[in-house]
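Please read the report below alongside the sequence and the structure. It takes up backbone features, helix packing, sheets and domains in turn.

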Amino acid sequence: MNEWISIIRTIIEAGTPLLIGTLGQIAIERTGILNLGAEGIMIMGAVTGFAFARITGNPWIGLVAAILIGIFFALIHGVISISFNGNQTISGLALTMFGIGLSGLIGRNYIGIPVKHIPRIPLFPLDKIPILGQILFNTNPLVYLSFLLVLIYWFILYKTKIGIIVRAVGDSPETAESMGISVTKVKYLGTIIGGALIGLSGAYLSLIYIPAWIEGMTAGRGWIIVSLTVFAMWDPIYAVFGSYLFGGVEVMQYILQPYGIPPAFLSMSPYIVTILVLCIASRESIKKRLGAPKTLGKPYIREK
Amino acid sequence: MANKNTTILIVAFIVGLLVGTAIGYFIPNPGTVPKSEYDNLKNQLQEKEALISQLQDKLSKLEGKKIKAAFIYVGPIGDYGWTHAHDVGRRYVDQKFDWLETAYAESVPESDAARYIERFIKEGYNVIFTTSFGYMDPTIDLSKKYPNVLFFHCSGYKRSKNVGTYFAEFYQIYYLNGLMAGALTKTNKVGYVAAYPIPEVVRHINAFALGVKEVNPNAKVYVRWIFSWFDPNKAKEAAEALISEGVDTLAFTEDSPTVVQVGQQHTKEGKQIYTFAHYSPMLKYGPDTVVSGQLVHWEIIYQDILMKIYLGIYNNTNLQNVDYWWMLREGAVELGADFGVPINPKFVPELKNKVLDHPQFGKISVYDLVMKRLAQMKEETVLFDPFTGPIKDQNGVLKIPAGERASHDLLWSIQWFVDNVVGEIPKQ
């Protein structure tokens, strides 16, 4: 029993950076901006968070620094996509390559040194609930934050006017504009929120999950976020399932290894599911009912 | 006239011969020269020789004789494992020898190595170190194309007249770590997070398991493969999986300090996990969990190779049999949680209190056993080898007969586990 509690908790902890990152990605893409720079933003968050935590000796300052660098990096992509109507695919890819390179350069001095990391903090009195308390409320603070974020996202996106505006901007910016909404402002806002969360997810890796800076430590998680966003169909609730599924697969590989299940099979399985979801989601009749922003990747050029 | 002259010459010659023989007869032969005089002469000669070599040195410096060595790395120098350790070695020799100039390329894909090597050669680099097994074939191919360049390939087995091989081997240290792991485990379950099922890793797991068995025949070693040399996430998840199955002691072959950090976290939360560091000093990552570990000194090997190239001992015709397989004796590897800290002081009392009845040494504490074995393996003639029979595999088949030591070839290609390892070697 105890064994399974610790396994499930590990799955949630492994899935949390994906969840936070995916929520960020949803914020950006809901406004119609395709973001392939997630890996670059994430790894910059990881290195910046680590560096500031190391310099100040306070991991919380590291988290704040990671949020700020995430915003800054996302804004590079934002300016190119929103103000200059640039090619979003190329801009995003460039951001990823730039981020990976720059983080390696910045991180040179932080290799092989430990950092004060953020430990598990039981959330009293919720952690006293049998079983569930140990799984959900005896873990690290960013996991609690991710629960909260999902609720806020769901509420804003589906229950408030802001949500309608964001969805309108992603689906039909012309209509939104004609209703007197500043499309540019909404897109920038989405970019800022998204960048902050993706940067934070990077710092989760370097300050909580594996408290160290190691070059290339995001190891493709940024790309998993990109595919998870599609998998979740830009919906925060589905993002929870998707993130824990990917996290679960990562953890279960090693639980199941002694039973002769090849790890390669398990590590590819979430991608198979992603492909399946994509196939289903691309059918016109279903597409209409899904949350995919219709103008994703297309620059919005205002008619004069 | 001519005749008379000839006669005189002949007589003079004969007289000369006689006189010469007589003198030769009376002068003592060299063997009876007083020893002090002989030594004196020899010393003078040696001094002259030293002077000559010094002058040659200076001359070659004036002529600008330089060795330009390029290093090809498979990972980033920031991996804090394999590539990092090689780069520490490179920086050491670069600083030490003023006739040496070095350069490196990091994260070089194995399929793309040839392009990087050729670029270095075109820039005038005349010694190339290729530091990953996968670089073996490109190295050999290019050595034929550039017969004047010296190549050294790390961890491979193909050599030629201008390609040598080198490796700093850890199995002795894994064995020592195994001794400590067997003594410390409370659950009799020892975990091992392993990179790839290749002979090198299998050998290390076996050496570790043999150490565990020597002090604790009831303990088993549980292996998880992560199929990556460097992936902190996978290492973390594999370590967590092992711990959730009741493992309380962890060793690993992977290039990040992740396993140590997992151990530290669990220890901080009140569950003591013992870990053994790999490749780089990791004590600071887990002061409460790291017991010991294996450390490498590539600089010892690089220094030796480059010095011998500089002195002309190695050249582009005689590397066919140059194969460094250096261990404790040569100082290429070290037992330690950190340089100069063989065992974390925190765990020394526990290891000293654990006394066992050893077939060879009688009543002995594990701490003393580790130190004794360490000393034995450091001797000029290595007095002990972990792979000494009888050793059985998982199926109970006797693989190494009693009293015999495993040969280099056997260790080099080993693809079976010793009998206290749980887990299998996946087919590649």
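In which loop is the place of B:Pro390? B:Pro390 sits in the loop between helix H12 (366-378) and strand E15 (391-392) of chain B, where helices (H or I, at least four residues) and strands (E, at least two) are DSSP runs numbered from the N terminus. The peptide bond that joins B:Gly389 and B:Pro390 is cis, with omega about 5 degrees.

This is a predicted model, in which local features need pLDDT of at least 70 and side-chain atom pairs count only at pLDDT 80 or more, while totals for chains, interfaces and linings use all residues. Residues are numbered from 1 along each chain as its sequence is written, chains are lettered from A and ligands numbered from 1 in the order in which they are written, and side-chain values use heavy atoms, with hydrogens and water left out.

## The loop between E1 and H5 of chain A

Chain A also has a cis peptide bond, which joins A:Phe124 and A:Pro125 with omega about 0 degrees. A:Pro125 belongs to the loop between strand E1 (121-122) and helix H5 (132-136) of chain A. A:Ile131 lies in the loop between E1 and H5 of chain A as well, and A:Ile131 has a positive phi of about 55 degrees although it is not a glycine. Most residues other than glycine have a negative phi, and most peptide bonds are trans.

## Helix packing around H9 of chain A

Helix H2 (residues 38-56) of chain A and helix H9 (residues 183-209) of chain A have axes that come within 7 Å and cross at roughly 55 degrees; axes are lines fitted to C-alpha atoms, for helices over the stretch in contact, and angles run from 0 to 180 degrees between N-to-C directions. H2(A) is therefore oblique to H9(A), given that angles under 35 degrees count as roughly parallel, over 145 as roughly antiparallel, 65 to 115 as roughly perpendicular and the rest as oblique. Residues that make the contact (heavy atoms within 4.5 Å) include A:Gly45, A:Ala46 and A:Gly49 of H2(A) and A:Gly195, A:Gly199 and A:Gly202 of H9(A). The contact of H2(A) with H9(A) has 10 nonpolar, 7 polar and no charged residues; Ala, Val, Leu, Ile, Met, Phe, Trp, Tyr, Cys and Pro count as nonpolar, Asp, Glu, Lys and Arg as charged, and the others, Gly among them, as polar.

The axes of helix H6 (residues 141-159) of chain A and H9(A) come within 12 Å and cross at roughly 160 degrees, which means that H6(A) is roughly antiparallel to H9(A). In this pair A:Leu142, A:Val143, A:Leu145, A:Leu149 and A:Tyr153 of H6(A) meet A:Ile193, A:Leu197, A:Leu200, A:Tyr204 and A:Ile208 of H9(A). By class, the contact of H6(A) with H9(A) comprises 10 nonpolar, no polar and no charged residues.

## Two domains in chain B

Chain B is divided into domain 1 (63-168 + 299-326) and domain 2 (171-296 + 333-422), with bounds that come from an automatic or database domain assignment. The centres of domain 1 and domain 2 of chain B, taken over C-alpha atoms, are separated by 30 Å. Domain 1 of chain B gives 13 residues to the contact and domain 2 of chain B gives 17 residues.

## Two open sheets in chain B

One open sheet has 6 strands in the order E2-E1-E3-E4-E5-E11 (chain B), and its pairing is parallel; two strands pair if DSSP finds at least two bridges between them. Strand E2 (100-105) and strand E11 (323-326) of chain B stand at the edges with a single partner strand each, so one side of each is left without a neighbour in the sheet. Strand E1 (residues 67-72) of chain B and E2(B) pair in the parallel sense over 6 bridges, and B:Lys68 has B:Glu101 in E2(B) as its bridge partner. Helix H10 (residues 298-310) of chain B packs on this sheet, and its direction makes about 155 degrees with that of E5(B).

An open sheet of 7 strands, with mixed pairing, runs in the order E12-E10-E9-E8-E6-E7-E17 (chain B). Strand E12 (333-335) and strand E17 (421-422) of chain B are at the edges, each with a single partner strand, so one side of each has no neighbour in the sheet. Strand E8 (residues 249-252) and strand E9 (residues 274-279) of chain B pair in the parallel sense over 2 bridges, with B:Thr249 opposite B:Tyr274 in E9(B). Helix H6 (residues 171-184) of chain B packs on the sheet, and its direction makes about 175 degrees with that of E10(B).
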